[in-house]
Amino acid sequence: MYQDFKADTLLEEVHKDVDRSAVRSMYFSLLDTEADNGAMEQARDFLRAKLKETQGLDCDLPDDMRMLASWIDANTESVGRQYHEYLEARKAGGARRYFRNKSHALYFLKCVAPTKLVDGAWLYGVLSRWNDARFASLIRIYLEELGEGLPTKNHVVLYRELLASNGCEQWDKLSDQHFVQGAIQLALAHHADEFLPEVIGFNLGYEQLPLHLLITAYELNELGIDPYYFTLHVTVDNADTGHAQKSLQGLMDARPRIGDTADFYRRVKEGYLLNMLGAGTTSVIASFDLEKELIGIFERKSAVGKHLHSDYCRVAGRTVNDWLSDPARIPDFLASLEHAGWIKRNQDPSHSRFWKLIQGDRADMFGVFTAYEQQIIADWIAGDMSAEPAPQAKPRQLTFKAKQRLLDTLGQQTAGRQHRTMARGVIRQHYARDGVDDSGNEFNADLRRLEEQLASLSDKAETMALLTRLMSPASHHTAPGLMATRIFTRLLG
């Protein structure tokens with residue numbers, strides 16, 4: 001989780017090697033389970049261009065690989081000290097450092113979604129080396145990013161759930177800069193064989209515990225937003241037994257014993273610096289403009305809303321349809337609503353007639369605005385009032401049934417028909433634990449097909465290859481992907 005560990009990331013890039021308008025399109029192409037050769041070649045060119053950009057950045061990694069353990073310890077100590085200072089300042093009555101209100105926090109969740117929804121992707125390419133002990137630590141990190149197949153621990157599942165619970169699913173139209181970091185991770189995922197040192201370096205940087213993660217989790221909780229996704233990373237990225245330590249072990253295990261170690265480490269550093277590119281945590285937080293976000297919401301709604309209002313509904317002498325027919329008039333429309341008393345700024349939103357039209361099951365405009373959009377409107381109306389302390393987040397409510405708990409420990413089985421028997425047993429347990437009758441049940445069709453495919457394979461290598469395909473960034477969070485991860489984890493031992 002290194003993103004923004006040292007400094008804010010600039011939202012403007014310095015090189016134009018790759019058409020930036022294509023980044024978002026490439027991102028979604030790489031998330032397609034059937035990504036074509038053109039997308040893969042584009043990703044390779046994109047990655048090369050981004051690596052060129054790192055050449056102008058300062059790198060704080062030590063010159064000697066043997067000093068990396070001390071570097072990790074020093075960073076951990078520094079983050080701990082800074083976080084302690086932050087907590088002391090808050091206890092003394094200091095304001096939140098990141099989020100002015102809940103809208104600000106939800107804006108952040110939405111804007112970093114392209115990165116969070118490919119969490120761990122950069123390590124996907126090492127799965128094919130499952131029988132090579134040098135990559136055991138890196139593979140273990142990837143499996144843990146995937147929650148070892150448990151939805152309650154799979155990072156992408158958790159973030160999707162977080163977005164949905166806060167009405168922040170509409171992130172796919174964000175600017176290309178918001179997709180740069182996710183695109184880098186997906187490009188690394190699909191080209192690990194060619195960029196292995198860069199993958200290892202990127203992983204080393206990303207898995208260090210950053211200050212912004214700790215502060216984000218603290219302030220989200222203050223604002224009543226479940227911080228579990230972020231607190232989970234605090235624990236798994238720890239420098240003692242967590243991903244920070246595993247990332248270092250993965251680097252040391254994979255370093256060349258006979259080849260050019262200096263060149264390997266140079267490439268590791270370049271991969272490490274890839275973390276600095278694109279829109280990151282603190283730059284996204286700094287870019288929030290409440291009124292601009294509000295106007296953008298009304299502009300998007302105007303495309304449909306300009307046809308739906310009755311002519312008798314007038315504001316400042318104009319019909320609402322007339323106001324909405326020209327997006328450029330939205331600021332004036334909002335000002336007119338305020339002048340006419342429909343909106344009472346710097347007061348509780350419930351005092352505004354406009355708010356009563358959109359909030360509540362019986363509101364005339366129920367369903368027009370998402371939870372995220374309603375929060376933006378509420379905080380804009382409330383103004384200074386929105387800075388008041390929010391209630392603490394409720395204890396996390398898990399939304400998955402007991403079938404998602406860890407399976408009983410299974411013995412490692414590696415030869416002959418044993419891998420097939422074990423894999424089928426995992427799926428059978430999935431059904432049996434919930435008393436599921438899967439015959440003719442289309443909800444379980446994918447899992448039945450997976451079971452059939454596994455039964456048809458002749459050896460463990462074929463089994464692992466099939467499972468690996470289902471554990472890609474595009475599908476590991478789906479039902480068959482989660483099951484494949486659980487089977488892969490058990491077969492790996």
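A crossing of two helices is called left-handed if the near helix is turned anticlockwise from the far one by less than a right angle, and right-handed if clockwise. Helices here are DSSP runs of H or I with at least four residues, numbered from the N terminus.

The model is predicted, so local features need pLDDT of at least 70 and side-chain atom pairs count only at pLDDT 80 or more, while totals for chains, interfaces and linings use all residues. Residues are numbered from 1 along each chain as its sequence is written, and side-chain values use heavy atoms, without hydrogens and water.

**A pair of helices**

Let's start with helix 21 (residues 445-456) and helix 22 (residues 460-470), whose axes come within 9 Å and cross at roughly 155°. Helix 21 is therefore roughly antiparallel to helix 22 (a term for angles over 145 degrees). The crossing of helix 21 and helix 22 is right-handed. In their contact (heavy atoms within 4.5 Å), L450, Q453 and L454 of helix 21 meet T463, L466, L467 and L470 of helix 22. These residues divide into five nonpolar, two polar and no charged.

**A look at S247**

Now find S247, which sits in helix 12 (residues 243-254). Is S247 buried or exposed? S247 counts as buried (under 20% relative accessible area) because its relative accessibility is 0%. Leaving aside residues up to four places away in sequence, S247 touches I141, N203, L204, E207 and Q208.

| From | To | Distance |
|---|---|---|
| S247 C-alpha | F202 C-alpha | 9.6 Å |
| S247 side chain | A244 backbone oxygen | 2.7 Å |

In sequence, S247 and F202 are 45 residues apart.

Technical notes
Axes are lines fitted to C-alpha atoms, for helices over the stretch in contact, and angles run from 0 to 180 degrees between N-to-C directions. Helices (H or I, at least four residues) and strands (E, at least two) are DSSP runs, numbered from the N terminus. Angles under 35 degrees count as roughly parallel, over 145 as roughly antiparallel, 65 to 115 as roughly perpendicular and the rest as oblique. Ala, Val, Leu, Ile, Met, Phe, Trp, Tyr, Cys and Pro count as nonpolar, Asp, Glu, Lys and Arg as charged, and the others, Gly among them, as polar. Buried means under 20% relative accessible area, exposed over 50%, partly exposed in between (1.4 Å probe, protein chains only). A polar contact is a pair of N or O atoms within 3.5 Å; within protein, one must be able to donate a hydrogen and the other to accept it, and residues adjacent in sequence count only if both atoms are side-chain atoms.
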